[in-house]
Amino acid sequence: MPRDFSQATAELTVLVAEAVCIRSNCEQQFVQKFCDLSAAQATAALALATDIGLIVKVNETYKTESPLVRLLGTPDESSKAAILRILLECYEPFVFFRERLVATGNSDTAAQQTKVHLDLNAHREEIKDTLISLGTYTKAINAKGGGVYEAVSGEGLNQLQNVAEASSNLADAEANIRIEIGDYADSLDRVEVVVPLARALLKAKEDHAKEAVAEAASALESFLAGLANRMGVDLQGAAGLTSRIDKFRTNNVLPKKITEAGKYLGQIRNAADHGVDIDPDVGSVWKILPSSGRHYVFVACAFIRACGARENNQDFYI
């Protein structure tokens, strides 16, 4: 039976994988809107990201499993390329294509031989364009000009160094987040709450405001789900951040001042989520200021800390 092969660029493949990192167990529609892609683009990029091993598809939702892939949340493009390069070394179509490129010196011939050898169901040109895009993005293949390409060797140590640097930067950011939240951070889900906030902080520092807001808001939703479970709050029917916060007003589980502060976070998140859509209230799209991205992360930390104080019957903070 022919093997499925999807055509997409390396940039879109990394972009959709990063969206899945931000919101695990998401459907294609979220990825499509978050990345501002057409349905066809999102379908192809998600399929390629799944085939490579960046993400996993379960029924109609997507998630990440490898801790390495979570480093895609860093703003450094060289680190993203390094992570993709490591996974490409286990991706059979790319490995075989590169071997045939070395042997033949011709990308068309290498693509045709890859198609036949692995029984891929895509056209030779689609295979070539996709694998060349993956290779040049990760610096595993070099474009010499005039449609001529060559495989590059000896880059392994540099790639691993980039991953190590990304890990170090993320560790520093995580330490800052823990300082902001205080001792309460030790009781939080590190993978679903603390690390996404750290990734958001890195993005905010690089003025990637929309991405910072989306990452921090995802952490907030995970935090509220856990808090609701511990405090006996029913979140059924509450899909968004603001509606989840409203649930905590029942029986005054969280005081009004804390929930109103949380709604500020919900409104900024909505603007970031729907930034490509025209808001009927203003007749335009919303853009997120770099300062809003930076403030959002720290307000989110303060909100979590204030909620933690109420959970543990401590002083009232805001």
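Salt bridges come first: 21 of them turn up in this predicted model, each one a side-chain nitrogen of Lys or Arg within 4 Å of a carboxyl oxygen of Asp or Glu. Take D108 and K128, whose closest N and O atoms are 2.8 Å apart. This pair ties together distant parts of the chain, with D108 sitting in helix 6 (residues 107–118) and K128 in helix 7 (residues 124–137), 20 residues apart. Helices here are DSSP runs of H or I with at least four residues, numbered from the N terminus. Another salt bridge joins the side chains of E18 and K203, at 2.7 Å from N to O.

A word on the ground rules. Residues are numbered from 1 along each chain as its sequence is written. Since the model is predicted, local features need pLDDT of at least 70 and side-chain atom pairs count only at pLDDT 80 or more, while totals for chains, interfaces and linings use all residues; side-chain values use heavy atoms, with hydrogens and water left out.

The protein chain splits into domain 1 (1–156) and domain 2 (161–312), with bounds taken from an automatic or database domain assignment. Their C-alpha centres lie 30 Å apart. The contact (heavy atoms within 4.5 Å) involves 18 residues from domain 1 and 20 residues from domain 2. Between them the domains bury about 1800 Å², with 60% of it on carbon and sulfur atoms; that is the accessible area (1.4 Å probe) lost on putting the two parts together, summed over both. One salt bridge is counted between domain 1 and domain 2.

There is also one cavity of 30 Å³ or more, meaning a set of points on a 1 Å grid over the protein atoms alone where a 1.4 Å probe fits but cannot get out. Lining residues (an atom within 4 Å of a point) are I22, R23, F30, A214, S218, R269 and D273. Helix 10 (209–231) and helix 12 (256–273) each give two or more residues to this lining, and both domains supply at least three.

Conventions:
On a 1 Å grid over the protein atoms alone, a cavity is a set of points where a 1.4 Å probe fits but cannot get out, and a pocket is an open set with protein on both sides within 12 Å along at least five of seven lines; lining residues have an atom within 4 Å of a point. Grid points are joined across faces, edges and corners, and a volume is the space filled by probe spheres set on the points.
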